[in-house]
Amino acid sequence: MPIINRIADFLPDLVAWRRDLHANPELGFEVHRTAAFVADRLREFGCDRVITGVGKTGVVGVITGKRVGGPEKTIGLRADMDALPIQEATNLPFASTNRGVMHACGHDGHTAMLLGAARYLSDTRNFAGTVVLIFEPAEELGTGALAMLADGMLENFGIQQVYGMHNLPGMPVGVFGIRQGAAFAGTDIIGFKIEGRGGHHGLPHKSIDPILVGAQLITAIQQILAQNVDPIESAGFSFDSFHSGDGLATIAQTAELSGTIRALKQEVRDIVLRRLGEVVAGISQVTGATIHLTSQIGEIVLVNQPGPTKMAIASAMDIAGEDNVLSTPQVLTGDDFARLAEARPGAYIWCGNGDSPGLHHAAYNFNEDAIPFGTSYWIKLVENTLT
């Protein structure tokens, strides 16, 4: 594979950076150590500008090429920095030192790969135009990109196109995957607060059991997907919490559930949300419980635009070969890179992580063998786009 040779020369540094980040994960916008680490490296490399505090704790580095080409262009490359509230179960020698916090999605690897590209590009500058390196906090919260946009990042740095990359367990190392058009789902975060009537287990007829009501909700919502959404379309609903009672032989007064709706089309999302409200009203009437429904838009549908997608494919082929750049199916996972790609033409690509546990799994580990491929892809993308 035509990996850029100079990357191999400083690969030990990239691995060391990745392991340092892995051992010191941080959540959401509280990525102070990570952001400082990134900013220090960018300054060491000689980036033209290094700006911190973009979108609260985001970091931006700017590198201008030395070649003379056509009309000057500016592109943005994004890596995410935050971790997840998961207790690590990898037993790695560089496992998380922060209990209950883990890089279970590979953002440590993403950050290291973009730092590697920054080091190379700062040194060679073999391109015409400007590359803006975007290190985003709070991607897992779905709000990091919005915060950086609110700070005027795209306008302030003149970014005309944006590119993102994420590792993919199950795809071989050295293989890339991408699809044009809608690629990642839009998400809505849904909450239910059920107000029943607490009481004694021996007198259930005088109570309204919120746990039973919650169970009916779970079943009925799955029925929405089965009977109201065209089977050809993609939609999903998953619950991530269900809390009620204290286990002291009493029927609880309240219960709370939360989950996420995912869809690849706005019209499908609208159907699910409408039916969800109707189902909640029906179950409330049947059971006598009061059910408060809340919804919050998370990520929007991530759409890969034709021009940037074509450039991403060509750059990946330069690194991995034509046979190792795949057309991947749509997925119901979300990424707030979609907010950047809504504001500017963009493309988001998968980078193979090999045979590993899945994303957000306590035993997940970013595959360091992928670092040369991802780093080389970023470099080739810049040199191909900024000509």
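A: Happy to! Two strands count as paired if DSSP finds at least two bridges between them. Strands (E, at least two residues) and helices (H or I, at least four) are themselves DSSP runs, numbered from the N terminus. The model is predicted, so local features need pLDDT of at least 70 and side-chain atom pairs count only at pLDDT 80 or more, while totals for chains, interfaces and linings use all residues. Residues are numbered from 1 along each chain as its sequence is written, and side-chain values use heavy atoms, leaving out hydrogens and water.

Let's start with the sheet. Eight strands form an open sheet with mixed pairing, in the order β1-β2-β4-β3-β5-β16-β6-β15. Its edges are β1 (49-54) and β15 (325-327); each has a single partner strand, so one side of each is left without a neighbour in the sheet. On average, neighbouring strands are turned by 25° against each other, direction ignored.

Angles here run from 0 to 180 degrees between N-to-C directions, with axes fitted to C-alpha atoms and, for helices, over the stretch in contact.

Now to the partner helix of α4. The axes of α3 (residues 32-45) and α4 (residues 107-124) come within 9 Å, crossing at roughly 15°. The two helices are therefore roughly parallel to each other; angles under 35 degrees count as roughly parallel, over 145 as roughly antiparallel, 65 to 115 as roughly perpendicular and the rest as oblique. Their crossing is right-handed, a label used if the near helix is turned clockwise from the far one by less than a right angle, with anticlockwise giving left-handed.

Which residues in α3 and α4 meet? From α3 come F37, V38, R41, L42 and F45, and from α4 come T111, L115, A118, R119 and S122. Six of the residues in this contact are nonpolar, two are polar and two are charged. Contact means heavy atoms within 4.5 Å. Ala, Val, Leu, Ile, Met, Phe, Trp, Tyr, Cys and Pro count as nonpolar, Asp, Glu, Lys and Arg as charged, and the others, Gly among them, as polar.
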